[in-house]
Structure formats: structure tokens, C-alpha cells
Amino acid sequence: MAGAIIENMSNRKLIFLASSVLVFQVLSIMVGALIAPCPTSAIRYLATKCINRQRLRGWLVPWGTNRCQQVHSFDEPLAKTLDANDIVFSVHVPLPNMEMSPWFQYMLAVLQFDIAFKMINQIEDDVIVTIDAGLAYRDDLMSEWMMKFHSVEQRPLKCIFAVPKTYGNEGHFYHCDPIPIMELGSVAHKYFLINMRLPVNDTVNTGIGEIKDVHIVGIHQNGGFTKVWISMKTVFSPWIFGATTWYWHRVRLIARRPVLLEKVIFALGVSMTFLNVPVEWLSLGFEWTWMLLFEDVRQGVFYSTLFCFWIIFCGEHLMDQSRRNQLSVYWWEIGLVVFGSSILLIFDLSERNIGGKIQQLPGMSEARRRHYKGVIFRFRFLMLVTLACAAMTVIFFILNQVSESHWHWGDYTLQVYSAFLTGTYGMWNLYVFTIIFLYAPSHKHNRHKSGDQRHIDMTEKLENQETQLTCGEQVPTEAYRIIGKVAEE
């Protein structure tokens, strides 16, 4: 891949490009910190205990003009006359005088049980709770509730009791793990109603303790963050698409077939474009419940392509390797893409081959020395940028985990988690753009190809032939080459 733009770019232009990328990176972070709100909201709902003695089918509403008959506590006299199967736990989402919106993108519901300790009714080990749950929706306060789904689910109930189990500690509550119960990939309606039963018979829901209350935590993406996120995708999508198209056009102008490294850089741009396409705009008008899965697929495609690019880039810059520009050469490495540690190992090995080559540069011809200096510069530049991006990702993640969700800076509130998401997203877009731009073929190189460069191409061919001819001869081992003990060509 000789003759890339990075090899013909002056230091001044390279510094200008790096400064521009840094400015855009800072802007990406500040958009999340100052403009976007917190990415998600979690609202805790206390389920209303509705009475349904006749076990009639229908939707029981916790508040409003048609609210259900209720019992506030199971310790009330009325509750003593009820059977467990007469109780329906009802939750209206959202709270009164509020509406849900397609801008929320998704909604998760998590159960939290308040279970009191009783010596004669303890939670058994490895117990399973059975939940008969239904979800309904409507788009105005006067319409009838329409069923969205109904299902009977079983979930493990994992609780601990922090104090000794004695009669003196009766009435204390268990600490129970949250139980995921529902996931919506699209919030296409304004109001939702959850009705949930805990059916009891001789084999179902026995050994789950004395349930006092049921809470449902609703989690959704904030609409303000969604607007910022989609806006960033709308900006980055045509930018990366244009850069990828421009890159492939320059590759096709060369009077030869594209080499493997050029193809994988093009694939990296395509995968980034695929991730950037703002299909979320369409999800605002259509109930696409598969959007969460689709987003996971897009991220998986990009990261898999990125890992493959790192492996192939390192392999193509192993200067003592004779077989290059063949995808079959990398089948073993690509098979290990799922193991991120292999990336660091390949980077380290490539640095040590390259390190040994630097020691041999003074003894080479001028043309060949310039060729190897260009290859070494390309590799070290990519390694530096990659490590910087990886380090920033890790640093952002740690800061988000150990700090509060927001910081106060004078009169401004900085949203740390939003800054992490927008900053990381912008950083990897800038990373892909930088790779596409700097490693695109140089027109200066193609139009004014010098005699020295033709000598370099001939030298590369002779090197490959020499390596193949000496396969049967005694040559220094790969370990010997890696530690830089080869003293001469």
C-alpha cells in the first residue's frame, strides 16, 4: 500500500489535521456534557392492589374516574377476607398528567418485591415466582384499553435476609434482586397499563414469603438525549459515507486491483456508515419493536470489522512475511477476533519486527530506506491513534462509573454519562475518518511515480521471491528476528 496520503503529507498539514480532529472530539464531548440530558430515566411506581373477586377479564386501572376497588395494605380487615388470587397489581405508565413519547425509543420494566420475614412463611432456596402479566395501551384518556400482550412468566426469586432469622426480627424486609419483566423496543403510544397477578395454588408461588408491596421501575431513554443522539448520527452519516465513497474512488483510479488492506479499510468505512444511518428518525413514526436488536447488530458489525482491520493492518506490516494481500492468510487471526487480548499481542509483535528493521535502515539503499520509513511511520501512527482512542474510551468509562451522573461547573451542569456516550461515538467516527483519509492513495504518488519508487516495487517483488526460494534453507528463526538480532539483509 505504498504511496498513501500520510506518506506525502507535510508535518504542518498533519498537525493541522490532528488539531482539527481534536477540536471535533472536544465538541462531541461538550455536546453530551452541556446540551444533552442524562441518557435514561428510571421512574419507580408503587403497584396499586386492585380487588377482583369474580376473576373477571378486563383491565383494572389504579386511578382516574374508572379506578378499581382497592386495598391499601394486606393488614386491613378487608384484605383478611381476600384470597391471593383476588388481587391484581396495577400500574399506570406514566404518572398522572404525563405522557410517553416515541422519542423515548424503548421501555424496560423491572419488578421489586417488598417481602416481610415471617418464621412460618420464609422464602425457600432457589424458589421460582410465577407472574401472570398483561400490558395494554391507549393514546388518549377516553379510549378503551387495547391489549398489547399477555404472558405467564417464571423468574427466579433471589433474596437475602441481613439479620438472624428469629421471632424478634419478624417484620423486617428481605433484600431481593430486581426481576426483569418486560422490554419494549418502541414506545409508540402515550399511555400503558400493566396488570399483574401472582397466582397461588398447591404448586405455584409457594415458598415466596409474605409479599407486602410490589414496585415496578420503568426505564426509558430521555427524549432530549434521543434528539441529540439522532442529530449526531445525521451529521456523521453523510460525512463518513462521503469519505468512504471518496476513498474507494481514489483506490479505483490506480492501475491495479485493490489490495487486501485497501479493501478492509473500505469495509471499515462501510461498517461505520451502517452504524451511523439514523434509522431512528423512521422509528418515531413506525412501531418497530426490533430496533434494540438492530442496534446491537449494527454495533457488532462495526466492532468485528474494526478488530479484523487491526489484525490485517498489523499482518500487512510484518515486513518479513512473504505471503500478504490474501484473506486466507488471516483465517486464524480473524477467528480470534472475539478475544480482544489477541489484538494487543499482534500490535506488540508488529512493533518488535519493525523495531528490528529500524536498526537495518542505515545499511539500505536510499530508495529502499525511504520505503521502509514510510511503512514504519504508517504503522506507528495508527498504533498511536488506536491506543489513544482505546485509552480515552476506558478513561471515560471509569469516570462514569466512579463519579456522579453529573458535575456542577459554575452555573453549568455537566452530564457525565451523556458526555461519555457522545464523546465515544464521535471519537470512533473521527478515528475511521482519519484512517480513510490518511491511508487513501495519493494522487501525487500515482501521477508522478519516480524511478526510485519503481525500484522499490521491484525490490519488494525480489524480496518475496528470495523469501520463497530460501524456505528450504537454514534461516534465522522468527523469535530471533523478533528480538532484533538480524544484523544485515
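Colleague: What limits apply to the numbering and the values?

Modeller: Residues count from 1 along each chain as its sequence is written, and side-chain values use heavy atoms, without hydrogens and water. As the model is predicted, local features need pLDDT of at least 70 and side-chain atom pairs pLDDT 80 or more, while totals for chains, interfaces and linings use all residues.

Colleague: Why is T273 called buried?

Modeller: Buried means under 20% relative accessible area, exposed over 50%, and partly exposed in between (1.4 Å probe, protein chains only). T273 has 12%, so the residue is buried. T273 sits in helix α5, residues 260-276; helices are DSSP runs of H or I with at least four residues, strands are runs of E with at least two, and both are numbered from the N terminus.

Colleague: Which residues does T273 touch?

Modeller: Contact means heavy atoms within 4.5 Å. Leaving out residues up to four places away in sequence, T273 touches I240, F241 and T244.

Colleague: What makes E287 and K148 a salt bridge?

Modeller: The term requires a side-chain nitrogen of Lys or Arg within 4 Å of a carboxyl oxygen of Asp or Glu. For E287 and K148 the closest N and O atoms are 2.3 Å apart. E287 is in the loop between α6 (280-283) and α7 (291-316) and K148 in strand β6 (residues 146-156), so the pair ties together parts 139 residues apart in sequence. E287 has a relative accessible area of 35% and is therefore partly exposed; K148, at 26%, is therefore partly exposed.

Colleague: How many salt bridges does a search of the whole structure find?

Modeller: The search finds 10. Among them is D75 with K212, at 3.3 Å between the closest N and O atoms. D75 lies in the loop between β2 (48-51) and α3 (77-80) and K212 in strand β11 (residues 210-221), 137 residues apart. K212 has a relative accessible area of 18%, so K212 is buried.

Colleague: How do you know that β5 and β10 pair?

Modeller: Two strands pair if DSSP finds at least two bridges between them. Strand β5 (residues 128-138) and strand β10 (residues 191-197) are joined by seven bridges and run antiparallel. D132 stands opposite R197 in β10.

Colleague: What makes β2 and β6 edge strands?

Modeller: The open sheet has five strands in the order β2-β3-β10-β5-β6, with antiparallel pairing. β2 and β6 each pair on one side only.
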